[in-house]
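Trainee: I would like to go through the aromatic residues of this protein. Could we look at the structure together?
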Amino acid sequence: MNLLLTGVTVTDPNSKHNQKICDIRVVQGKIAEIELTLKPLENEQVINGQGAFLAPGFFDLNCSIGDPGFETKEDIKTATAAAQAGGFTGLAVLPHTKPVVHSKGEVEYIINKAKNNLVDVYPLGAISHELEGKELAELFDMKNAGAIAFTDGNKPITDDGFMSRALQYCKGIDGLLIVYPENKAIAGKSQVNESKTSVLLGMKGMPALAEEMHISRDIFLATYHQAPIHITSISTAGAVALIKKAKKDGLQISCDVAAHHLVFTEELLNDFDSNYKIKPPLRGKADIKALLAGLKDGTIDAVSSQHRPHEPEFKDVEFEIAAYGITALQTVLPLLVKAGLDAAQIVEKLAINPRKLLKLQVPVIAAGENANFVVFNPAEKWEYNSTTNLSKSRNTPLLNQTLTGKVQLVYNNNQFQVYG
């Protein structure tokens with residue numbers, strides 16, 4: 001089916017049509033024409049895009065899919081369904097599956113299972129064998145098989161010497177390490193942010209120091225090896241300051257922030273709702289202010305979903321024993337709208353920069369290019385409920401709420417989906 005989208009505002013800094021209201025014709029998976037006005041052709045589906053923005057499809061740097069081994073949480077089919085409803089046409093999926101993605105066999109399994117999908121699925125290989133942080137996984141073989149970067153997911157690499165060797169090895173194969181910042185010795189078994197709120201809750205608090213000490217170590221190692229490193233899911237004002245200085249000093253440091261850390265604060269934990277239990281924990285208003293400033297001044301390169309689906313038995317329990325994480329792929333856009341980002345900022349942090357960091361081709365909204373785009377309206381409201389939730393899991397505090405910021409259409413790999 002060929003498409004004609006009318007009256008959409010192109011939002012793509014790499015397109016000559018950027019910020020222009022245009023009609024766009026798509027024929028057999030390619031953008032055929034972009035003009036101020038186009039007349040509909042026979043056998044062409046026409047979609048009115050007035051008030052909506054058309055941009056390169058979103059890409060998620062930090063997504064958990066249970067396949068293989070934990071398909072009761074999420075499988076590739078449900079994850080990609082939720083992803084495209086959230087505007088994503090590309091996902092980088094974490095290796096903490098069963099078996100762990102630590103050799104070429106698991107990488108090939110994911111690539112083969114995700115073929116012929118509207119959403120492109122890219123495996124992230126584990127840095128360490130079995131995510132134990134002791135010996136290097138088969139990084140070179142995984143890279144040749146299609147792994148686009150390496151990470152141990154939410155498991156911080158605690159051994160300084162191992163981290164040093166991993167950086168040195170990755171530099172030799174032109175690989176990128178994506179690391180989660182948490183000093184386990186400082187963090188201990190804490191589950192919430194260290195503050196007045198943690199005292200009121202009667203729970204051990206995790207100090208910002210745990211995140212910032214770990215980032216400092218990685219900055220020192222990246223400096224020593226002159227190697228690139230990506231720090232995922234930063235959450236504190238101090239982290240922003242450290243990374244800002246590192247970038248100013250010319251280091252190859254990049255970072256991302258989870259969308260929910262730009263909106264949710266630790267005060268939401270007063271009712272012990274386990275859907276707000278995440279890692280790193282929700283922080284204070286001053287941290288959110290610093291994170292938003294870091295996004296706008298370029299310190300923070302990208303926004304991720306930090307999608308962590310769980311079965312009810314892992315979340316519908318007491319706060320202290322509940323699992324960490326939020327089902328998040330469909331709610332990233334509404335959270336960024338709520339945080340105050342405009343369309344251009346959303347596209348930069350959610351579509352352009354994630355692909356640049358991973359050295360993937362960035363889609364361009366131009367005639368003759370493959371059609372890989374999202375159409376979204378930041379002002380449109382929609383109901384997020386058991387019917388519209390396409391994830392296999394429902395562990396999110398946003399369920400059964402009216403959200404602002406709606407994906408209307410996604411197109412990729414000569415496939416498209418319209419959301420009414």
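Trainee: Is F59 buried or exposed?
Mentor: In this predicted model, F59 has a relative accessible area of 1%. Buried means under 20%, so F59 is buried.

Trainee: And how many aromatic pairs does the structure hold?
Mentor: There are nine aromatic pairs. In one of them, F59 and Y122 have ring centres 5.7 Å apart and planes at 45°, so this pair is tilted.

Trainee: Where do F59 and Y122 lie?
Mentor: F59 belongs to strand 6 (residues 58-63), and Y122 belongs to strand 8 (residues 120-123). The pair therefore ties together parts that are 63 residues apart in sequence.

Trainee: What does Y122 count as in terms of accessibility?
Mentor: Y122 counts as partly exposed, because its relative accessibility is 24%.

Trainee: Next pair, then: why do F373 and Y411 count as stacked?
Mentor: Their planes are at 25°, with ring centres 5.5 Å apart. Planes under 30 degrees apart count as stacked, so the pair of F373 and Y411 is stacked.

Trainee: Which strands do F373 and Y411 lie in?
Mentor: F373 is in strand 16 (residues 373-384) and Y411 in strand 17 (residues 401-412), so parts 38 residues apart in sequence are tied together by the pair. Both F373 and Y411 are buried.

Trainee: Which residues form an aromatic cluster?
Mentor: One aromatic cluster is formed by F53, F58, F88 and F376.

Trainee: Changing topic, what lies over the face of Y324?
Mentor: K277 does, at 4.7 Å from the ring centre. K279 also lies over the face of Y324, at 5.1 Å from the ring centre.

Conventions:
Residues numbered from 1 in each chain as written. Predicted model: local features only at pLDDT ≥ 70, side-chain atom pairs only at ≥ 80, totals over all residues. Heavy atoms only, no water. Phe/Tyr/Trp six-rings, centres within 6.5 Å; stacked < 30°, edge-to-face > 60°. Helix = DSSP H or I, 4+ residues; strand = E, 2+ residues; numbered from the N terminus. Buried < 20%, exposed > 50% of the residue type's maximum accessible area, 1.4 Å probe, protein only. Lys NZ or Arg CZ within 6 Å of the ring centre and 35° of its normal.
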